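Subject: Structure handover

Hello,

Please find the structure below. My notes on side-chain pairs and model confidence follow it.

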Amino acid sequence: MVDDKEKNMKCLTFFLMLPETVKNRSKKSSKKTNTSSNSSSGSSSGSSKLPPVCYEIITLKTKKKKKMAADIFPRKKAANSSSTTVQQYHQQNLSNNNLIPAPNWQGLYPTIRERYIYCDEIDLAADTVLATLYAAKKYIVPHLARACVNFLETSLSAKNACVLLSQSCLFEEPDLTQRCWEVIDAQAELALKSEGFCDIDFQTLESILQRETLNAKEIVVFEAALNWAEVECQRQDLALSIENKRKVLGKALYLIRIPTMALDDFANGAAQSGVLTLNETNDIFLWYTAAKKPELQFVSKARKGLVPQRCHRFQSCAYRSNQWRYRGRCDSIQFAVDKRVFIAGFGLYGSSCGSAEYSAKIELKRQGVVLGQNLSKYFSDGSSNTFPVWFEYPVQIEPDTFYTASVILDGNELSYFGQEGMTEVQCGKVTVQFQCSSDSTNGTGVQGGQIPELIFYA
């Protein structure tokens, strides 16, 4: 049983959290009870609606009164809509004979000080922000919760997107959940290979594995699931065996679209992993090769992935007898966007003298720091079309910051070049601005040159 002291503390805490109007009403009720008790000693206990313990606390007289945060920092009387709303809310409670405030009564007050909570500067850190968000949600401090969510959104990356996806669903933050999905879809392979992926719960694992827009090779999805299963075995104190890995994966194994893998990936990877049964392995091989394909428990339709968008910055292109020449010099341009996007590669011009092959080193920098680069070759057919050159992984681009796109081409043939360049281009819901780069040593600028296209996901 709960002793009297504990009852007193609970009642005192409850009373201190009541709105002032309800407290005053309680005091009036106690005075009426005292008056009636003087006239009729037998009716005092029945006329009061408050429990005996609470009654003793309310009528308790102390020599010294401790000040609360609301007394130290009294609320200013301002003729604004928030104070009116609070008064109307309390009046409605009293009119409806509700003595207990709603669970989210603190949300009616615009400042932390008005909720009887001590306040200070908000100083968040990566290792404490989730715990702070939990506390803010539990004790209904919406402004602090919003600050935590903003912090998480700005620090969101492929490394922590899967973990934050799990937490955002737990905390019921749909905006943060959507941001996480944007990163996971566009940078799926980086997200799946991150250490944080192995820390997610089973429900989040299922939601990722069945994601239609996941932009990753299926062999990468398969290997990520096995890595998760290994860590899950450790969490459940199970031996690290093939049988236990399959056990902890359960039905999620069939969300991996193994039949859509390249045949080499399946033969050298999934088929030799030991996770599949002999019958499953045989049926999938038949699925690849036989005219009459067997029925499979695995999803056999490839994921849609993401459709890349192209931002073309020139209104026309041309070629001349002495342009555009490449001698190991750099073509570069700066750009900025108004929404978060993921740069997947560049569209480049090709030969103006028939078919030719070029070697291209592409690079993406922010304030001199290299964020992504790749060295590859592409073949041009002699047309004025652009030809895509891809980064190994899409690069996350934050809004309202200029980035530098660069390419160094190596080829014997002259190429087409762009002209009538635009300083601002609208690509769907994304606005892209361009400006000249000091890194450009081969003539490319806003008005003309190379790098006619940015290829991105949004």
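**Salt bridges and ring pairs**

Glu 173 is buried, at 10% relative accessibility (buried means under 20% relative accessible area, exposed over 50%, partly exposed in between, with a 1.4 Å probe and protein chains only). This is a predicted model, in which local features need pLDDT of at least 70 and side-chain atom pairs count only at pLDDT 80 or more, while totals for chains, interfaces and linings use all residues. Residues are numbered from 1 along each chain as its sequence is written, and side-chain values use heavy atoms, with hydrogens and water left out.

Glu 173 forms a salt bridge with Lys 137, and the closest N and O atoms are 2.7 Å apart. The term stands for a side-chain nitrogen of Lys or Arg within 4 Å of a carboxyl oxygen of Asp or Glu. This pair links distant parts of the chain, 36 residues apart: Lys 137 is in helix 7 (residues 129–138), and Glu 173 is in the loop between helix 9 (161–170) and helix 10 (174–186). Helices (H or I, at least four residues) and strands (E, at least two) are DSSP runs, numbered from the N terminus. Lys 137 counts as partly exposed, at 35% relative accessibility.

Searching the whole structure gives 14 salt bridges. Another of them joins Lys 245 to Glu 230, with 3.9 Å between the closest N and O atoms. Lys 245 belongs to helix 14 (residues 242–249) and Glu 230 to helix 13 (residues 218–235), so the pair ties together parts that are 15 residues apart in sequence. Here Lys 245 is buried, with a relative accessible area of 16%, and Glu 230 is partly exposed, with 31%. Arg 146 and Glu 153 also form a salt bridge, the closest N and O atoms being 3.8 Å apart. Arg 146 is partly exposed at 33% relative accessible area, whereas Glu 153 is buried at 16%.

On the aromatic side, the whole structure holds 11 aromatic pairs. Rings of Phe, Tyr and Trp (its six-membered ring) pair if their centres lie within 6.5 Å; planes under 30 degrees apart count as stacked, over 60 as edge-to-face and the rest as tilted. Tyr 319 and Tyr 416 are edge-to-face, because their ring centres are 5.4 Å apart and their planes stand at 80 degrees. The two tyrosines are 97 residues apart, with Tyr 319 in the loop between strand 2 (314–318) and strand 3 (330–337) and Tyr 416 in the loop between strand 8 (403–410) and strand 9 (417–421). Tyr 416 is buried, at 12% relative accessibility.

Tyr 378 and Phe 387 make a stacked pair, with ring centres 6.2 Å apart and planes at 25 degrees. Both residues are buried. Ring pairs join Tyr 378 and Phe 387 with Tyr 326 and Tyr 358 in a cluster.

Two charges sit over rings. The charged end of Lys 293 is over the ring of Trp 287, 5.5 Å from its centre, and Arg 313 lies over the face of Phe 434, 5.7 Å from the ring centre. The criterion is NZ of Lys or CZ of Arg within 6 Å of the ring centre and within 35 degrees of the ring normal.

Lastly, confidence. The mean pLDDT (the predictor's confidence in each residue, from 0 to 100) of the protein chain is 82, and 74% of its residues reach 70 or more. Over residues 9–23 the pLDDT is below 50, and this stretch has 21 contacts beyond near neighbours in sequence, a contact being heavy atoms within 4.5 Å.

Regards
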